[in-house]
Amino acid sequence: MLIRLFTDRAVRQFLGGPIDVDVAIERVDTLLESPPSNYWVICFNHQPVGTVCIGSHCDLTLPELSFLLLPEYQHKNIGYRACQQALGYTRGVIVAETQLKNLAAQRLLTKLGFAFKFSLIRFSEQQGLYFRE
């Protein structure tokens, strides 16, 4: 499931595209060797279908919500429920960043209580920065 999240064209559509399988395997090996403390696997019917993470934002000194979900499990409220549970472990301001072309992620962030603050260019794409207080 983790390798598929890194290599699936639909999952990676707004994340710079799919990465090579060998690179994905290396990322998964690194992740399994030293898992972040706030990284969870999303399960549906006892099957792993995605991940949600509260990590460090690349530019800000704020925690950042990140999530990935296999395409066949998107638009079923699964990501919303998983993110909502993960956010229960946070206090204070949290940030999320997504491409402005990713309307589904923007709707999810709004539903989770995030508010659009500003846009920026990253990886040659217009990104939206969302904050939740």
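Strand β1 and helix α3 each supply at least two residues of the lining of the second largest pocket, where helices (H or I, at least four residues) and strands (E, at least two) are DSSP runs numbered from the N terminus. This is a predicted model, in which local features need pLDDT of at least 70 and side-chain atom pairs count only at pLDDT 80 or more, while totals for chains, interfaces and linings use all residues. Residues are numbered from 1 along each chain as its sequence is written, and side-chain values use heavy atoms, with hydrogens and water left out.

The second largest pocket holds about 200 Å³ of space, and α3 gives the most to its lining, with 5 residues. Among the lining residues are W40, I42, V52, I78 and Y89. A pocket here is an open set of points on a 1 Å grid over the protein atoms alone, where a 1.4 Å probe fits and protein lies on both sides within 12 Å along at least five of seven lines; lining residues have an atom within 4 Å of a point. Its volume is the space filled by probe spheres set on the points, which are joined across faces, edges and corners.

Helix α3 is largely enclosed by the rest of the structure, because 7 of its 10 residues are buried, that is, under 20% relative accessible area with a 1.4 Å probe and protein chains only. The buried residues are I78, G79, Y80, A82, C83, A86 and L87, and what covers them includes β1 (39–44), β2, β3, β4, α4 and β6 (125–132).

The largest nonpolar core has 19 residues, and those with the most contacts inside it are I42, L65, L87, L112 and F114; such a core is a set of buried Ala, Val, Leu, Ile, Met, Phe, Trp, Tyr and Cys residues joined through side-chain atoms within 4.5 Å. At least two residues of this core come from each of β2 (47–56), β3 (63–69), α3 (78–87), β4 (94–99) and α4 (103–111), with α3 giving the most, 6 residues. Leaving aside residues up to four places away in sequence, F114 touches L65, L87, I94, V95, A96, L109, Y130, F131 and R132, a contact being heavy atoms within 4.5 Å.

Strand β6 pairs in the antiparallel sense with β4 over 6 bridges and with β5 (residues 115–122) over 7 bridges, two strands being paired if DSSP finds at least two bridges between them. Q127 in β6 is the bridge partner of Q99, and G128 in β6 stands opposite S119.

Definitions and conventions. Buried means under 20% relative accessible area, exposed over 50%, partly exposed in between (1.4 Å probe, protein chains only).
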